[in-house]
Amino acid sequence: MKVFIVYAHPESLSLNGALKDVAVSHLTALGHAVQVSDLYAMQWKASADAADFITRRDPQRLNYPSESKSAYKGDTQTENIKREQEKLLWADAVIFQFPMWWFSMPAILKGWIDRVYACGFAYGVGRHEGEHWGRRYGEGTLEGRRAMLSITIGGRAPQYSERGVNGELHDLLFPIHHGILFYPGMRVLSPHIIYEAGRMPLAEFDRVATGYKSRLDQLFTDDPIPYRMQNHGHYDSQQVLKPGLGHGQHGTRIHLLQPGDPPQAA
Ligand SMILES: Cc1cc2nc3c(=O)[nH]c(=O)nc-3n(C[C@H](O)[C@H](O)[C@H](O)COP(=O)(O)OP(=O)(O)OC[C@H]3O[C@@H](n4cnc5c(N)ncnc54)[C@H](O)[C@@H]3O)c2cc1C
């Protein structure tokens, strides 16, 4: 199988760098083909701006989604954006390796998403009408691929538990899991997390690497997070969850399929 690793850490000798190296060597040893985008080494431009467009529909006023759509459709995107899209299309699974920075991803990775996820590629895909509001949330260009976050976190696990002061981890990751990975169609695996990463002694690394390797062994067999598909009967024409679904759940959790839910329409 083909695995694409998007790696965002400024220091190659970091813990994140070491975890990326473990993934490359282990996945290769398992017989998978691996490509890596090392965003800092590539000096990836994080800001989405006018320089992303070789030709402009409207040279007076920048409307990013509209220029993005026209560049994607007209095959006039910049080479670096195109190359990253090709890697996503090549992959059967995509791993994002990064440290948690301010409860999210480093800005360089967010900028990779902003620019690579072009209009017509990752959003603005398909018919928008009634209960079918674009090919998104389970459908779309990246359908058929798996995605997994591999994150190092400075804080302790209890701080990210249900009643932990930092907020529950899956709630914090919902915008990435659901809004960035599931949105263009990928199936999202539970994240691989290393807590208290900043203080991890070097002597711990073998244990951590072994744990990560066994997780990677399951990359193509683990069940994904059971998010509801948008266009398969559970949401109404305003894309609101229909009455009777999501019972006993609250917040972002209503978007997870529950035992006893009616089957999603074909
Ligand atoms: C801007 C910023 C924002 C942050 N926001 C948050 C936040 O919102 N929430 C939160 O919980 N934390 C936060 N942190 C902490 C951050 O998540 C951790 O610093 C980070 O996850 C540690 O990963 P690293 O790769 O940078 O570790 P490094 O600093 O590279 O290493 C961490 C430890 O791992 C050890 N180590 C063991 N084996 C190896 C090996 N093989 N190679 C390299 N090192 C090894 C090192 O010796 C070191 O002690 C933030 C940090 C920054 C800088």
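A residue is called buried when its relative accessible area is under 20%, exposed when that area is over 50%, and partly exposed in between, with a 1.4 Å probe and protein chains only. The structure is a predicted model, in which local features need pLDDT of at least 70 and side-chain atom pairs count only at pLDDT 80 or more, while totals for chains, interfaces and linings use all residues. Residues are numbered from 1 along each chain as its sequence is written, and side-chain values use heavy atoms, with hydrogens and water left out.

**View 1. Glu 168 and Arg 253 form a salt bridge.**
A salt bridge is a side-chain nitrogen of Lys or Arg within 4 Å of a carboxyl oxygen of Asp or Glu, and in this pair the closest N and O atoms are 3.5 Å apart. Glu 168 lies in the loop between β6 (146-152) and α5 (169-182), whereas Arg 253 lies in the segment after α6 (205-217), so the pair ties together parts that are 85 residues apart in sequence. Helices (H or I, at least four residues) and strands (E, at least two) are DSSP runs, numbered from the N terminus. Both Glu 168 and Arg 253 are buried.

**View 2. Lys 82 and Glu 79 meet in a salt bridge through their side chains.**
The distance from N to O in this pair is 3.7 Å. Because the two residues are 3 residues apart in helix α3 (residues 79-90), Lys 82 and Glu 79 are separated by about one helical turn. Lys 82 counts as buried because its relative accessibility is 19%, while Glu 79, with a relative accessible area of 47%, is partly exposed.

**View 3. Glu 204 and Arg 207 are joined by a salt bridge between their side chains.**
Here the distance from N to O is 2.3 Å. Glu 204 has a relative accessible area of 27% and is therefore partly exposed, whereas Arg 207, at 55% relative accessibility, counts as exposed. By the rule used for these pairs, the count comes to 18 salt bridges.

**View 4. Arg 115 belongs to a network of salt bridges.**
The network links Arg 115 with Lys 45, Asp 49 and Asp 52. Arg 115 is found in helix α4 (residues 107-116), and with a relative accessible area of 3% this residue is buried. When its neighbours within four places in sequence are left aside, Arg 115 is in contact (heavy atoms within 4.5 Å) with several residues, among them Trp 44, Lys 45, Asp 52, Tyr 64 and Ile 81.

**View 5. Val 116 lies in helix α4.**
Val 116 is buried, because its relative accessible area is 0%. Leaving aside its neighbours within four places in sequence, Val 116 is in contact with Trp 44, Ile 81, Glu 84, Gln 85, Leu 88 and Phe 121. Val 116 and Arg 83 are 33 residues apart in sequence, and their C-alpha atoms are 9.0 Å apart in space.

An N or O atom in the side chain of Asn 16 is 2.8 Å from an oxygen atom of the ligand, a backbone N or O atom of Trp 102 lies 2.8 Å from a nitrogen atom of the ligand, and a polar backbone atom of Gly 155 is 2.8 Å from an oxygen atom of the ligand. Taken alone, the ligand exposes 980 Å², and the protein buries 69% of that, where accessible areas come from the Shrake-Rupley method with a 1.4 Å probe.

**View 6. Trp 102 has a positive phi of about 45° although it is not a glycine.**
Trp 102 lies in the loop between β3 (93-99) and α4, and with a relative accessible area of 80% this residue is exposed.

**View 7. Ser 190 lies in the loop between β7 (187-188) and β8 (192-194).**
At 34% relative accessibility, Ser 190 counts as partly exposed. Not counting residues up to four places away in sequence, Ser 190 touches Met 148, Arg 215 and Ile 225. From C-alpha to C-alpha, Ser 190 and His 170 are 8.9 Å apart in space, and they are 20 residues apart in sequence.

Definitions and conventions. A polar contact is a pair of N or O atoms within 3.5 Å; within protein, one must be able to donate a hydrogen and the other to accept it, and residues adjacent in sequence count only if both atoms are side-chain atoms.
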